Amino acid sequence: KEQGKAFLVAAQKTADAYFAGLTDAMLVAKNQGISARLNTELSHAVTASMLAGHAFYHLGCCDAALREAGLKGVF
């Protein structure tokens, strides 16, 4: 549990630093890292949208697993 918390704290710091370093003008600029990894051109705004969507995907998976186990879901 503590390792999971530490990972989440580190992930939050990474995300906060990423967003803090962006300006409005940079949102429409190409995100070099993910564009290279996915072999397509994506802006920082698209990256943020993809990250948010992916987070909701995982929340939905957690919700389904909890409910299938007879527990209260996330939502």
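1. Tyr-18 is partly exposed, at a relative accessible area of 24%. Here buried means under 20% relative accessible area, exposed over 50% and partly exposed in between, with a 1.4 Å probe and protein chains only. Phe-19 is likewise partly exposed, at 40% relative accessibility. A search of the whole structure finds one aromatic pair. The ring centres of Tyr-18 and Phe-19 are 5.0 Å apart and the planes stand at 70°, so the pair is edge-to-face. The criterion is that rings of Phe, Tyr and Trp (its six-membered ring) pair if their centres lie within 6.5 Å; planes under 30 degrees apart count as stacked, over 60 as edge-to-face and the rest as tilted.

2. On the basis of these values: the model is predicted, local features need pLDDT of at least 70, side-chain atom pairs count only at pLDDT 80 or more, and totals for chains, interfaces and linings use all residues. Residues are numbered from 1 along each chain as its sequence is written, and side-chain values use heavy atoms, with hydrogens and water left out.

3. Helix α4 covers residues 44-68, 25 residues in total. Helices (H or I, at least four residues) and strands (E, at least two) are DSSP runs, numbered from the N terminus. From first C-alpha to last, α4 reaches 36 Å, close to the 36 Å expected at 1.5 Å a residue; the expected span is 1.5 Å times one less than the number of residues. After α4 comes Gly-70, whose phi is positive, near 80°.

4. The buried residues of α4 deserve a separate remark. His-44, Thr-47 and Asp-63 are buried in this helix. The cover over the buried residues of α4 includes α1 (2-20), α2 (24-27) and α3 (32-38).

5. Asp-63 belongs to helix α4 and is buried, with a relative accessible area of 12%. Leaving aside neighbours within four places in sequence, Asp-63 is in contact (heavy atoms within 4.5 Å) with Gly-73, Val-74 and Phe-75. The Asp-63 side chain also reaches the backbone nitrogen of Phe-75 at 3.2 Å.

6. Two salt bridges are found in a search of the whole structure, a salt bridge being a side-chain nitrogen of Lys or Arg within 4 Å of a carboxyl oxygen of Asp or Glu. In one of them, the side chains of Arg-67 and Asp-63 meet at 2.8 Å, N to O. Both residues lie in α4, four residues apart, about one turn of the helix. Arg-67 is partly exposed at 45%, whereas Asp-63 is buried. An α-helix has 3.6 residues a turn, so residues three or four places apart point the same way.

7. Lys-5 forms a salt bridge with Glu-2, the closest N and O atoms being 3.9 Å apart. Lys-5 and Glu-2 both lie in helix α1, three residues apart, about one turn of the helix. Lys-5 is partly exposed, at 43% relative accessibility, while Glu-2 is exposed, with a relative accessible area of 56%.

8. Concerning the cysteines, the structure holds zero disulfides, a disulfide being a pair of cysteine sulfur atoms within 2.5 Å. Cys-61 is in no disulfide, and the nearest cysteine sulfur, that of Cys-62, is 6.9 Å away. That separation is too far for a bond between Cys-62 and Cys-61. Cys-61 is partly exposed at 36% relative accessibility, and Cys-62 is partly exposed with a relative accessible area of 42%.

Conventions: A polar contact is a pair of N or O atoms within 3.5 Å; within protein, one must be able to donate a hydrogen and the other to accept it, and residues adjacent in sequence count only if both atoms are side-chain atoms.
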